[in-house]
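Trainee: Could you walk me through this one? I would like to start with the packing of the side chains and then move on to the charges.

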Amino acid sequence: MQVWYGPEQVPPTLTGADGTGSVVTIGVFDGVHRGHQAILGRVVARAHEVDPEGERPLAVAITFDPHPARVHRPDSGLELVASLADRLEGLAAAGLDAVLVVHYTLDFADQSPEDFIRTWIEGLLGARAVVVGDDVRFGRGNGGDAATLTRIGAQDGVDVEIVSDVVSPEGRRWSSTWVRELLEGGDVAGAARVLGHPHRLRGTVVHGLRRGRELGFPTANLDAASVGVVPPDGVYAGWLVREPGAGESRGAGEERLPAAISIGTNPTFDDVPERTVEAYVLGRADLDLYGQVVAIELVERLRPMLAFDGLEPLLTQMDQDVRDAARALEVPEPERLRVRPEDVTA
C-alpha cells in the first residue's frame with residue numbers, strides 16, 4: 001500500500017482524461033474497527049468494479065493527523081485507540097491501494113465543504129466514486145454531510161455511495177467511542193470484538209529496574225504514557241509483536257510472541273511511581289529488545305493489580321499468571337528460570 005504524506009506526494013497519473021482515477025473514502029479511522037472495515041470493503045470492491053477490463057482506479061482513503069478533535073479542542077484529553085502507524089497497518093490490511101495522510105490544521109479545517117470535495121477528492125485524487133458512512137462530516141464547521149456530498153457528486157459526475165451504520169448483533173453501532181469505553185473498563189476481549197482485532201499498545205522498549213529478570217520473568221518495558229489508550233492496572237494475556245517493515249500490512253513480516261503483560265505500578269515493592277507496561281514473553285530470557293519499537297496486543301484480562309506480602313506469594317502468583325496467559329493464548333506452558341528470594345533486590 002502506498003502512503004502519501006501530503007498532496008505533493010500524490011502521483012499526477014490519477015487525474016486527467018487518461019488518469020486511472022480513484023475510489024475514495026474519508027475519515028480518521030481510529031482503530032479501524034468493524035464499522036470502518038465495512039466502508040473500506042466497499043471502497044475496495046468499487047475500485048474493482050469500475051472498468052474491470054482496463055486499468056482500474058485506486059482504492060484510496062484520506063485520513064487526518066493529528067486527530068481533528070485534538071486541533072479544535074486541544075484540552076479535551078482525547079486518547080486515540082490507535083497510533084497513526086497502526087491505523088495505516090489496518091488500512092493496508094483492508095486492501096486499500098493508497099492512503100493520503102493530511103496534516104490537519106485550523107487553516108485546512110476552514111475551507112468550505114465544496115472546496116474540500118473539489119480540490120482534494122476530485123482535483124487531487126481524480127475520484128470516480130466516493131464511499132462514506134452516513135455520519136460523515138467535513139468542511140468548515142463540519143458543515144458538509146452525506147447530503148452535501150451526494151449533491152456535489154451529482155453536479156460533478158462523481159458517484160457517491162453512502163454506507164448506513166453497521167451495527168453489532170445487539171444493535172449498537174460499531175465505533176471508536178465504544179472501544180474506548182470497553183478499554184477503560186478493562187474489557188480488552190470486548191474491545192477486540194468491536195475492533196475485529198486485539199487492541200494494540202505501541203512504544204519503544206526502555207530500561208526498567210530489571211527486577212523482572214531477577215525474579216525469572218524478564219520483561220520488555222514501555223512507558224505507559226506514550227502508547228495510547230491503556231486499560232486499567234492489572235495483568236493481561238497477549239502478544240508482543242515485533243514491528244513489520246515500512247509499508248507492510250498487519251501480519252506481514254511480524255514476529256508474534258506470547259506474553260504475560262503487567263500494566264500499572266508495582267504495589268509489592270512500592271518503588272515504581274509511574275505507570276508502566278511490561279511484557280514477559282513466555283519462556284524467553286534471550287530477547288534483547290531495548291530501543292526497538294514493539295506492539296503489544298491485549299487478548300484477555302487475567303486479574304487486577306495486587307500487593308503481596310513478600311516475594312514467595314508474589315512468585316507463586318506470577319507462576320499462575322504465566323499458566324493463565326498460556327491457557328488464554330492457547331500455547332504450551334513454558335518453564336522459567338528458578339530464582340531464590342534472597343537473590344532479589346528488595
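**Aromatic cluster, cores and charges**

Mentor: Phe64, Tyr104, Phe108, Phe116, Trp120 and Phe138 form one aromatic cluster, and please keep in mind throughout that this is a predicted model.

Trainee: How many aromatic pairs does the structure hold?

Mentor: There are seven aromatic pairs. In one of them, the ring centres of Phe64 and Tyr104 lie 5.8 Å apart with the planes at 80°, and because angles over 60 degrees count that way, the pair is edge-to-face. Phe64 belongs to strand 3 while Tyr104 sits in the loop between strand 4 and helix 4, 40 residues apart, so that distant parts of the chain are linked by this pair. Both Phe64 and Tyr104 are buried.

Trainee: And what about Phe108 and Phe116, how do they pair?

Mentor: Phe108 and Phe116 are also edge-to-face, with 6.0 Å from centre to centre and 85° between the planes, and each of these two residues is buried.

Trainee: Which residues have the most contacts inside the largest nonpolar core?

Mentor: That core has 33 residues, and those with the most contacts inside it are Trp4, Ile62, Phe64, Leu100, Phe116, Ile121 and Leu125. Among the elements that supply at least two residues each are strand 3 (58-65), strand 4 (98-103) and helix 5 (113-124), and helix 5 gives the most, with five residues. Apart from this core lies another, of 30 residues, which includes Val188, Leu201, Val294 and Leu298.

Trainee: Switching to charges, what does Arg180 form a salt bridge with?

Mentor: Arg180 bridges to Asp30, with the closest N and O atoms 2.7 Å apart. Since Arg180 lies in helix 7 (residues 176-184) and Asp30 in the loop between strand 2 and helix 1 (34-49), the pair ties together parts that are 150 residues apart in sequence. Arg180 and Asp30 are both buried.

Trainee: Which residues are joined into one network?

Mentor: Salt bridges with shared partners join Asp86, Glu89, Arg200, Arg202, Arg256 and Glu297. Arg256 also lies over the face of Trp239, at 5.3 Å from the ring centre.

Definitions and conventions:
Residues numbered from 1 in each chain as written. Predicted model: local features only at pLDDT ≥ 70, side-chain atom pairs only at ≥ 80, totals over all residues. Heavy atoms only, no water. Core = buried A, V, L, I, M, F, W, Y, C linked by side-chain atoms within 4.5 Å. Buried < 20%, exposed > 50% of the residue type's maximum accessible area, 1.4 Å probe, protein only. Helix = DSSP H or I, 4+ residues; strand = E, 2+ residues; numbered from the N terminus. Phe/Tyr/Trp six-rings, centres within 6.5 Å; stacked < 30°, edge-to-face > 60°. Lys NZ or Arg CZ within 6 Å of the ring centre and 35° of its normal. Salt bridge = Lys/Arg side-chain N within 4 Å of Asp/Glu carboxyl O.
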